[in-house]
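Today I am looking up strand pairing, turns and surface charge.

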Amino acid sequence: MIRRYSRFTIPKWAKITILAVSAVLLLLLGCGIYVYYTAEDKRTAGFESSETFVAEHTDLEEADEVTRFNGEHVYHVVTGKQADGQEAIAYRIKGEKDPEQIIYTTETADEQQAKSSWQSACGNNCELDDIRLGLHEDEPAWEITFHDGEDRLGYSYYTLDGLEQLESFALSSQYK
């Protein structure tokens, strides 16, 4: 006997296939969300404790932002204001309990000036990836990551005022 289907009837195999594909996609979406949140939690772990530790051991009264810098150690960079309203930056090694290890500065950080100086030095063949507060030889600085005209990953370090380039280098793209 020949099965006949109306235009609005979906065959059983098609229903099963659609349900199986939907279930697999939902499972993959759930796994992706789980991996993202797990990685994000590990990346930001300790931000609150660093914020509290810096507030207790420096003149920083109000923290605006906590970021992460990977240098010789993993640093939590706490930016904020002192009681007098002056901006300040504190660098704390992740998990460090010694307040003497905090690098603290009230020097004005000018991101736009650093970006402008980098653009002048690098030229039009460079594409900016990121600019963040970091350290260069244990001194507060701007770290700028970029790709140059030869598609190499580059790093440039500028003083906090953005006027002086401290170092710049590009990594070889030999593994492409």
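First, a term I need: two strands pair if DSSP finds at least two bridges between them. Helices (H or I, at least four residues) and strands (E, at least two) are DSSP runs, numbered from the N terminus.

I note that this is a predicted model, where local features need pLDDT of at least 70, side-chain atom pairs count only at pLDDT 80 or more, and totals for chains, interfaces and linings use all residues. Residues are numbered from 1 along each chain as its sequence is written, and side-chain values use heavy atoms, with hydrogens and water left out.

**Entry: strand pairing.** I looked up S6 (residues 139-147) and found it antiparallel to S7, with 6 bridges between them. Across this pair, Glu143 stands opposite Tyr157 of S7. S7 also runs antiparallel to S8, and here I noted 5 bridges. Which residue of S8 stands opposite Tyr157? I found Glu167 there.

**Entry: turns.** The hairpin of S6 and S7 has 5 residues between its strands. The hairpin of S7 and S8 has 6 residues between the strands, and Gly162 takes a positive phi near 80° in it.

**Entry: negative patch.** I found a surface patch of negative charge whose members include Glu107, Asp110, Glu137, Glu164 and Glu167. Patches are made of residues with over 30% relative accessible area and no salt bridge, with like charges joined within 9 Å and nonpolar side chains (Val, Leu, Ile, Met, Phe, Trp, Tyr) within 5 Å. A salt bridge is a side-chain nitrogen of Lys or Arg within 4 Å of a carboxyl oxygen of Asp or Glu.

Glu137 lies in the loop between S5 (127-136) and S6, and its phi is positive, near 55°. Glu137 is exposed because its relative accessible area is 70%. Glu164 sits in the loop between S7 (153-158) and S8 (165-170). Is Glu164 exposed or partly exposed? Glu164 counts as partly exposed, since its relative accessibility is 47%.

**Entry: Glu65.** I placed Glu65 in S1 (residues 60-70). From Glu65 to Thr79 I noted 5.4 Å, C-alpha to C-alpha, with 14 residues of sequence separation. Glu65 is partly exposed, as its relative accessible area is 47%.

Conventions: Areas by Shrake-Rupley, 256 points an atom, 1.4 Å probe, with all protein chains shown as cover. Lys, Arg positive; Asp, Glu negative; His and termini not counted. Charge placed at Lys NZ, Arg CZ, Asp CG, Glu CD. Buried < 20%, exposed > 50% of the residue type's maximum accessible area, 1.4 Å probe, protein only.
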